Amino acid sequence: MTKPCIICVAITGSVPTKENNPAVPITVAEQIESTHAAFEAGASIAHCHVRNEDQTPTSDPEKFAALKEGIEAHCPGMIVQLSTGGRSGAGHERGGMLPLKPDMASLSVGSNNFPTRVYENSPDLVAWLSSEMRQYEVTPEVEAFDLSHILQAIRMSEEGLLHGKLYVQFVMGVKNAMPVDRAVFDFYVQTMKARAPEAEWCAAGVGPGQVVVNEWAIAAGGHTRTGLEDNMRMDRDTLAPSNAALVSRAVDLCEKYERPVATWQQAREILEVPLRA
């Protein structure tokens with residue numbers, strides 16, 4: 001298979017702490033350093049959250065600005081993708097970083113259950129976030145926790161409600177949402193091929209499902225996500241020493257299936273995300 005595989009590294013997230021794994025980068029400086037190592041290992045997209053000093057999540061645009069600036073300086077060409085996720089804020093606060101004009105931003109287009117709460121994404125909020133992304137020319141990565149989210153993303157793209165090329169990520173393994181299920185994964189892939197053949201897709205697994213979903217996605221010709229946000233272990237007994245180590249594992253899987261790892265230039269070409277002037 002000659003198509004390059006884009007590897008996204010989810011460096012921090014909103015939940016993992018240093019008590020869970022000392023390698024989780026919390027400060028902006030730690031995140032920049034960790035992202036640089038992951039970039040050197042083969043990641044071409046950085047999926048970014050920011051934290052307060054006490055490790056709690058935040059949507060503070062100033063922290064996002066500092067992180068974006070640092071990644072752009074130390075990882076030239078890497079696609080910076082900022083999170084609009086719901087653990088870091090509420091309502092329009094979740095899109096407060098979009099005026100920074102990152103290359104990409106995550107976008108959830110529907111609600112679902114999380115381990116202890118409802119991850120709420122109302123139609124009004126989804127419409128506002130997508131309109132802000134269009135205004136600032138930010139390409140969304142649609143986070144699909146359910147089949148309905150994939151279908152909604154395709155509809156929104158067809159109606160011109162999403163900026164740029166459609167890019168959908170299947171998220172599997174979140175407790176109370178879609179489990180890591182091969183039959184479901186295969187159906188997701190076929191749905192994308194049948195209904196949005198020009199789109200690109202990616203897949204992410206949570207916890208022990210990370211490496212499983214990495215392999216499924218790479219073998220099936222899609223792109224994949226790894227990183228400490230989703231999984232903090234190399235195996236049951238071993239903590240991941242870094243984001244770069246998890247990226248290297250995905251790179252090894254690309255070699256297994258004879259797929260080239262996408263450079264940042266190839267990732268931008270595939271996703272139609274140009275460097276900003």
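User: Helices (H or I, at least four residues) and strands (E, at least two) are DSSP runs, numbered from the N terminus. How many helices and strands has the chain?

Analyst: The chain has eight helices and 14 strands. This is a predicted model, in which local features need pLDDT of at least 70, side-chain atom pairs count only at pLDDT 80 or more, and totals for chains, interfaces and linings use all residues. Residues are numbered from 1 along each chain as its sequence is written, and side-chain values use heavy atoms, with hydrogens and water left out.

User: What does the C-alpha trace span along its principal axes?

Analyst: The span is about 45 × 40 × 40 Å. The radius of gyration, taken over C-alpha atoms, is compared with a globule rule of 2.2 Å times the number of residues to the power 0.38. For 277 residues a compact globule would have a value near 19 Å, and the chain's 17 Å agrees with this.

User: How much of the chain is buried?

Analyst: Buried residues are 55% of the 277, where buried means under 20% relative accessible area, exposed over 50% and partly exposed in between (1.4 Å probe, protein chains only).

User: Changing topic, where is His 47?

Analyst: His 47 lies in strand S2, which covers residues 45–48. Its relative accessible area is 2%, so His 47 is buried.

User: Which residues does His 47 contact, leaving aside neighbours within four places in sequence?

Analyst: Contact means heavy atoms within 4.5 Å. The partners of His 47 include Cys 8, Val 9, Ser 106, Glu 143, Arg 225 and Glu 229.
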